[in-house]
Amino acid sequence: MVDSPPLRKIIHIDMDMFYAAVELRDRPELRGKPLAVGGRPDSRSVVTTANYEARKFGIHSGISCAQARRLCPSCLFIAPDFKKYQQVSEQIQRIFREFTDLVESVSLDEAYLDVTRNKKNEPSATRLAREIKARIFAVTGLTASAGVAASMFVAKIASDARKPDGLCVVRPEQVMAFIRPLPVLKIPGIGRVTDARLRQLAIRTVADLEKKPLEFLEKEFGKFGLFLHDIASGIDERPVTPWRQRQSYGAEETFPRDIPEKEPLLEFLQECAQRVFEELNEEGKRARTVTLKIKYADFQTVTRRRTFDIYLASPRDIFRAVQDLLERTEAGRRPVRLAGISLSNFQEQKKNAAAAQPVLFKS
Ligand code: TTP
Ligand code: MG
């Protein structure tokens, strides 16, 4: 007889209205008022997120700030402070690792944790989720929502089900009842394009999808059909993959306005170098390859890459390389819409290697 693997216990954590929550924590006088994080409404910038008061007016991530103001003229706009969000993100990452190293970070405010085995030796994932939420609140003053399930996609949908400050546990025997009524658009991995195609096939909910045979879905969607079929059967065997195994680390941004000059670009790239280096350093890694990405105002995108013989040991090394790479683009002559850098080609460092060196001389 073959033993089936033990059921996995996965927690998905997602911070509530993340950027807005950070801003409201630091400016409590604004609480209760509709608020969007984004540039000025007369600029080209978009809303990164909005608090629940603003969402009532239809304001959400991705719409232009100008449109947001039309929807709610009294809405307040706060410019994003990415450094601050990055710092909070690092705090929550550290909390996750108090529980397990099997953490897959999806974005600054969102991660999957496989707690089947965990550092607390706690068998109840529900209790762990409660504890993680409490730790996050104690350390950052912010609320998170958690979903608990045996697979990643169910845990993710569950974390969204009781927002804000929610905790939703979906046991294996409850999975089908939980997902059947959902519109397919709620499934992570199904975007607007697939949703539109599914609608043409009269598939709106997971229950509709469940009725379609695998052959039909494969004929319509190719390999993706198998994914759809699995999901509709509640199956998702993707493992939680810690981001130690990531192939590259990067930072990039679309600017609120196109940048015609080189100087502000360099300033921005210097900050990127710092950010990416810190991220990598935290993971105990060094990189040998630097890639610069530039998107011009007309959306043409170019990348310039250089691999070094030695590992880049400081933000300054990275920035110097980026400066050279920028010379090989038309930045400064053509307006730039987006810039960013990424690092790859890693070597793992032994953490605290220096501290572990034997002492040769004692004074
Ligand atoms: P989300 O988790 O999607 O949203 P949220 O945390 O603001 O709200 P919710 O309570 O519904 O989870 O995204 C996390 C942060 O990422 C968000 O605060 C701002 C940023 N973001 C963008 O900058 N652009 C986007 O299009 C989205 C969706 C998010
Ligand atoms: Mg969130």
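Tutor: Before the metal site, one definition: donors are N, O and S atoms within 2.8 Å of the metal. Please keep in mind that this is a predicted model.

Student: Okay, what spacing do the donors of the magnesium ion (ligand 2) follow along the chain?

Tutor: Along the chain, the donors of the magnesium ion (ligand 2) have the spacing D-M-x93-D. Asp14 lies in strand 1 (residues 10-15), while Asp109 sits in the loop between strand 5 (103-107) and strand 6 (110-114), so this pair ties together parts that are 95 residues apart in sequence.

Student: Which atoms coordinate the magnesium ion (ligand 2), and what is the geometry of the site?

Tutor: The magnesium ion (ligand 2) is coordinated by Asp14 through OD, Met15 through O and Asp109 through OD, at 1.9 to 2.3 Å. The site is octahedral, with angles of 79 to 177° among its six donor atoms.

Student: Is Asp14 buried or exposed? And Asp109, buried or exposed?

Tutor: Asp14 has 13% relative accessibility and counts as buried, because buried means under 20% relative accessible area. Asp109 counts as buried at 13% relative accessibility.

Student: Switching topic, how is the chain divided into domains?

Tutor: The protein chain is divided into domain 1 (1-146), domain 2 (180-232) and domain 3 (248-356). The centres of domain 2 and domain 3, taken over C-alpha atoms, are separated by 39 Å.

Student: Which residues of the largest nonpolar core touch the most other members?

Tutor: That core has 33 residues, and those touching the most other members are Ile11, Ile13, Phe18, Phe96, Leu113, Ile132 and Ile136. Among the elements that give two or more residues to this core are strand 1, helix 1 (18-26), helix 4 (82-99) and helix 5 (125-140). There is also a second, separate core of 32 residues, which includes Leu266, Ile294, Val302 and Leu325.

Student: What does Ile11 touch?

Tutor: Not counting residues up to four places away in sequence, Ile11 touches residues including Leu113, Val115, Leu128, Ile132 and Val148.

Student: And helix 6, how many of its residues are buried?

Tutor: Seven of the 10 residues of helix 6 (residues 152-161) are buried, so this helix is largely enclosed by the rest of the structure. The buried residues include Met152, Phe153, Val154 and Ile157.

Student: Now charges: how many salt bridges does a search of the whole structure find?

Tutor: The search finds 25 salt bridges. One of them joins Asp195 and Arg199, whose closest N and O atoms are 3.3 Å apart. Because Asp195 and Arg199 are four residues apart in helix 8 (residues 192-200), about one helical turn separates them. Asp195 is buried at 9% relative accessibility, whereas Arg199 is partly exposed at 43%.

Student: Which salt bridge links distant parts of the chain?

Tutor: Glu327 forms a salt bridge with Lys262, the closest N and O atoms being 3.2 Å apart. This pair links distant parts of the chain, with Glu327 in helix 13 (residues 315-327) and Lys262 in helix 12, 65 residues apart.

Notes. Residues numbered from 1 in each chain as written. Chains lettered and ligands numbered in written order. Predicted model: local features only at pLDDT ≥ 70, side-chain atom pairs only at ≥ 80, totals over all residues. Heavy atoms only, no water. Domains from an automatic or database assignment. Donors = N, O, S within 2.8 Å, 3.2 Å for Na, K, Ca; no water. Tetrahedral: all angles 85-135°; square planar, octahedral: opposite > 155°, others 65-115°. Buried < 20%, exposed > 50% of the residue type's maximum accessible area, 1.4 Å probe, protein only. Core = buried A, V, L, I, M, F, W, Y, C linked by side-chain atoms within 4.5 Å. Contact = heavy atoms within 4.5 Å. Salt bridge = Lys/Arg side-chain N within 4 Å of Asp/Glu carboxyl O.
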